[in-house]
Amino acid sequence: MTFVLPLAMYPGLDNPFSTPKALLLEGFVLAGGALALCLGQFRPAPLPRAFRLALLLLLLSLILPALFGAFLSPDTLWLSLAAPAWFLLLLALRPEAKHLATAATLSCAVVAAIALLQWADLDPFRLAGWTVSGYGSERMRVLATLGNPNFVAATLAAAVPLAWALAQAGKQRGLFMGILTAETLAVLATGSRAGILALAAGMGWLGLLGKIPPRLIAAATAMLLLLLPLLPSRSILTTIEGRFYIWKVSAAHLGERPLLGWGPGGFEPKFIEWETRYWQAGHGKDRERPFAQLQAHAHNEYLEAMVDGGILGLAGLLALLGSFLVFAFRNAKIGGDLATGGAGGVVALSAASLVDFPLHRPAELVLLWTLMAVAFLACRKPSIPPAAAIRTNDSPP
């Protein structure tokens with residue numbers, strides 16, 4: 001499941017990349033959870049109290065706005081609930097952290113390979129006769145199995161710290177360093193500034209924990225900054241201005257439903273209303289006209305959490321991320337490189353969420369919860385078999 005989900009797609013659908021992933025996730029959680037219960041394999045794993053409270057707050061921040069909000073998108077709600085259910089199922093089944101990390105890394109390696117082929121104009125999908133709207137734009141052609149360069153960049157940037165972790169131990173160091181290099185090059189090939197931000201944040205986390213020398217981080221950061229003007233994307237000033245336009249129009253209305261927000265999926269219909277009123281009131285400027293268009297998301301997960309779920313929605317998201325990162329920081333030595341790499345990926349997605357909406361997309365959302373599961377599983381103390389626990393030096397072998 002961990003390997004297949006980022007690669008799932010079905011040509012011919014209105015959303016050929018996201019819909020199959022969402023359906024696969026929701027179906028697997030329901031079927032897998034039911035099967036695990038029937039077979040007696042569902043054993044809830046202990047979690048730190050702070051994280052359990054944060055998880056409860058997050059679930060309440062999804063359910064209460066859905067019950068009392070003015071809008072409800074079933075797709076948004078079910079996806080938001082299925083991802084933590086996937087996380088809880090992983091912890092109940094307790095796979096080896098290294099196996100889970102390897103599956104996620106190999107899947108992202110396939111995504112990176114396809115992205116690099118598309119950048120080199122050797123797109124396997126186009127060669128097979130499948131074309132999508134993104135092929136009409138030079139900037140949009142690197143879409144891999146996720147449908148958009150920004151989506152590809154966010155996923156691969158979050159996968160880089162995990163590839164680094166797997167390269168630190170075991171006999172496959174060369175393989176995982178090669179995957180790490182391919183993922184980094186694929187992020188650059190997308191031209192996504194959000195991906196660059198996520199990549200830098202993930203490396204910063206590794207540097208904070210002393211896993212990467214400061215000089216290497218400084219050199220990598222300088223190289224990324226030098227490459228920014230060469231990336232195949234819009235002007236960075238245009239991108240920043242477009243983001244600020246969305247945020248400015250939205251933020252002016254946060255006080256209308258401050259506690260529970262407008263409900264899951266409420267941002268899109270409300271933004272249409274707010275933008276119309278913004279221009280009718282004469283607040284719009286000529287240079288903002290190119291940005292006046294339908295926006296399904298705020299391109300800032302924290303702002304959108306506030307719109308959809310109010311203060312409760314923002315608190316739930318921040319509490320979850322904050323409690324996890326505090327746990328990962330405090331247990332870095334116990335969990336080793338796998339816990340550090342998993343947390344580094346969470347940091348990368350958290351950074352991308354400042355200018356993008358990865359937590360509203362199935363591949364990145366599942367990857368976020370998978371990375372947290374890897375960290376918790378890596379920190380779990382191995383249980384001692386009963387026979388070994390009672391054996392003494394006088395006991396027969």
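A residue is called buried when its relative accessible area is under 20%, exposed when that area is over 50%, and partly exposed in between. By this scale Glu256 is partly exposed, because its relative accessible area is 36%. The model discussed here is predicted.

Glu256 sits in the loop between α10 (236-251) and α11 (267-280), while Arg277 belongs to helix α11, so the pair ties together parts that are 21 residues apart in sequence. Arg277 is partly exposed, since its relative accessibility is 38%. The pair also belongs to one network, in which salt bridges with shared partners join Glu256, Lys270, Glu273 and Arg277.

The structure has eleven salt bridges in total. Another of them links Asp121 to Arg126, the closest N and O atoms being 4.0 Å apart. Arg126 is partly exposed, with a relative accessible area of 38%. In the salt bridge between Arg361 and Asp356, the N to O distance is 3.0 Å. Both Arg361 and Asp356 are buried.

Helix α1 covers residues 18-38. With 21 residues at 1.5 Å a residue, α1 should span 30 Å, and its end C-alpha atoms are 30 Å apart, so the two values agree. The buried residues of α1 are Pro20, Lys21, Ala22, Leu25, Val29, Gly32, Gly33 and Ala36. Their cover includes α3 (74-93) and α14 (362-379). Just after α1, Gly40 adopts a positive phi of about 70°.

Cysteines come next. Cys38 counts as exposed because its relative accessibility is 69%, whereas Cys379 is buried, with a relative accessible area of 12%. The structure contains zero disulfides.

Phe3 lies in the segment before α1. A relative accessible area of 35% makes Phe3 partly exposed.

Helix α7 spans residues 173-190 and contains Gly174. Gly174 counts as exposed, because its relative accessibility is 58%. Gly174 and Ala222 are 48 residues apart along the chain, and their C-alpha atoms are separated by 25 Å.

Methods. Residues numbered from 1 in each chain as written. Predicted model: local features only at pLDDT ≥ 70, side-chain atom pairs only at ≥ 80, totals over all residues. Heavy atoms only, no water. Helix = DSSP H or I, 4+ residues; strand = E, 2+ residues; numbered from the N terminus. Expected span 1.5 Å × (residues − 1). Buried < 20%, exposed > 50% of the residue type's maximum accessible area, 1.4 Å probe, protein only. Contact = heavy atoms within 4.5 Å. Disulfide = S-S within 2.5 Å. Salt bridge = Lys/Arg side-chain N within 4 Å of Asp/Glu carboxyl O.
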